[in-house]
Amino acid sequence: MGRRERLFARFDAMLRAKGWLAMGGQIVDATVIEARRPRLTQAEKDTIKGGGTPADWTPARRAQIDRDGRWTIKRGRKRQTSPEEGHKRQVEIAAPVFGYKNHVGIDCEHGFLRRYTVTHAAAHDGGQLGAVLDRDNTASDVWADTAYRSAANPGPARPPRPEAAIPAEKARGKKMPAHIARGNAIRARVRSRIEHVFAQKCRLGLIVRTIGMVRTRVKIGLANLAYNFTRLAWLSQRAAPA
C-alpha cells in the first residue's frame, strides 16, 4: 500500500471513529478524466497499444508522451425540438476523449467516497466492480448502471440483489413497459447522488496534465480525498447545533 492509499485509509478510519459509518448500501459509477492528447502516427498508436515503445523515440520524447492513457467514446444525449413533430426528441452525441477513468463507490447514507480505483479511459466499468465495493457497508444493496450487470462479475463481486439495484435494459425495437420504466426512474434517483462526486471535475478543474499512470493516480486520488474533506465539512456544519 502506497502513501496515497494509506492517507485515504486513515481518513476512512477517522470517519468510522467519529460515527460516520458506511450505511444504507452503496452507489458505484465511473467518470472519464481528460488528459493531454498525444499527437501520434497510426504506427506509433499500434505499438503503444501493444504495450511497446516506438524504437526511434528519444528519451525526451518518451518523457513527454503519455503511454498509459487511452481513447474512449463519451456518449450523451441532447434534447432538440422537432418543428415537424411538435415535441422534443433526444439526439445521441458521441465525442472521443483521451484520458483516464475514476471508478468510485459511495455510501448512500452520508455520500462519502469509500472506495475508488483509477484506470485508463477504455477500461470497462463492470470489470472494476470488485475494487470499488465496500465490504464494510451495513446494507447489501449496490446501486449501479447496466454496465455492471456482466458475467465478468461472478461470485462475491456480483452486486447483491442486482434486480433491485441495477436498471432493466430496454429490448431493441420495443417500447419499455410502464412498470419497468417507473422502476428505472426510482433507481436513477438513487444513483444520481453520485453525480455530486463527479461534479468535482468542474469545481477543481480536474484535468490530467501529468504523464503516466503513477502520477495520474496520485492526482485523482488527492481529488477524491478533497471531495471527502468538503463533504465532511458540509455534513458537520449541518449537524452542528444552531
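Over the ring of which residue does the charged end of Arg61 sit? The ring is that of Trp57, and the charged end of Arg61 lies 5.2 Å from its centre. A charge counts as over a ring if NZ of Lys or CZ of Arg is within 6 Å of the ring centre and within 35 degrees of the ring normal.

The model is predicted, so local features need pLDDT of at least 70 and side-chain atom pairs pLDDT 80 or more, while totals for chains, interfaces and linings use all residues. Residues are numbered from 1 along each chain as its sequence is written, and side-chain values use heavy atoms, with hydrogens and water left out.

Arg61 also forms a salt bridge with Glu44, with the closest N and O atoms 3.9 Å apart. Arg61 lies in helix H3 (residues 59-64) and Glu44 in helix H2, so the bridge ties together parts 17 residues apart in sequence. Helices (H or I, at least four residues) and strands (E, at least two) are DSSP runs, numbered from the N terminus. Arg61 is partly exposed at 27% relative accessibility. Glu44 is buried at 13%. Buried means under 20% relative accessible area, exposed over 50%, and partly exposed in between (1.4 Å probe, protein chains only).

The structure holds nine salt bridges. Each is a side-chain nitrogen of Lys or Arg within 4 Å of a carboxyl oxygen of Asp or Glu. Asp125 and Lys101 meet in one of them, at 2.7 Å from N to O. Asp125 is in the loop between S4 and helix H4 (129-132), and Lys101 is in strand S3, 24 residues apart. Asp125 is buried, with a relative accessible area of 12%. Lys101 is buried at 12% as well. Salt bridges that share partners also join Asp12, Arg16, Asp107, Arg114, Arg115, Asp134 and Asp136 into one network.

Four aromatic pairs are present. Rings of Phe, Tyr and Trp (its six-membered ring) pair if their centres lie within 6.5 Å; planes under 30 degrees apart count as stacked, over 60 as edge-to-face and the rest as tilted. The ring centres of Phe8 and Tyr116 are 5.1 Å apart and the planes stand at 65°, so this pair is edge-to-face. Phe8 belongs to helix H1 (residues 3-17) and Tyr116 to strand S4 (residues 113-120), so the pair ties together parts 108 residues apart in sequence. Phe8 is buried at 9% relative accessibility. Tyr116 is buried at 14%. For Trp20 and Phe112, the centres are 5.9 Å apart and the planes at 75°, so this pair is edge-to-face. Both residues are buried.

Two cavities of 30 Å³ or more were counted. On a 1 Å grid over the protein atoms alone, a cavity is a set of points where a 1.4 Å probe fits but cannot get out; lining residues have an atom within 4 Å of a point. Points are joined across faces, edges and corners, and a volume is the space filled by probe spheres set on them. The largest cavity has a volume of about 130 Å³. Helix H2 gives the most to its lining, with three residues. The second largest cavity has a volume of about 30 Å³. Its lining includes Phe8 and Tyr116, along with Arg4. Arg4 is partly exposed at 23% relative accessible area, and its side chain meets that of Glu5 in a salt bridge (2.6 Å, N to O).

Conventions: On a 1 Å grid over the protein atoms alone, a cavity is a set of points where a 1.4 Å probe fits but cannot get out, and a pocket is an open set with protein on both sides within 12 Å along at least five of seven lines; lining residues have an atom within 4 Å of a point.
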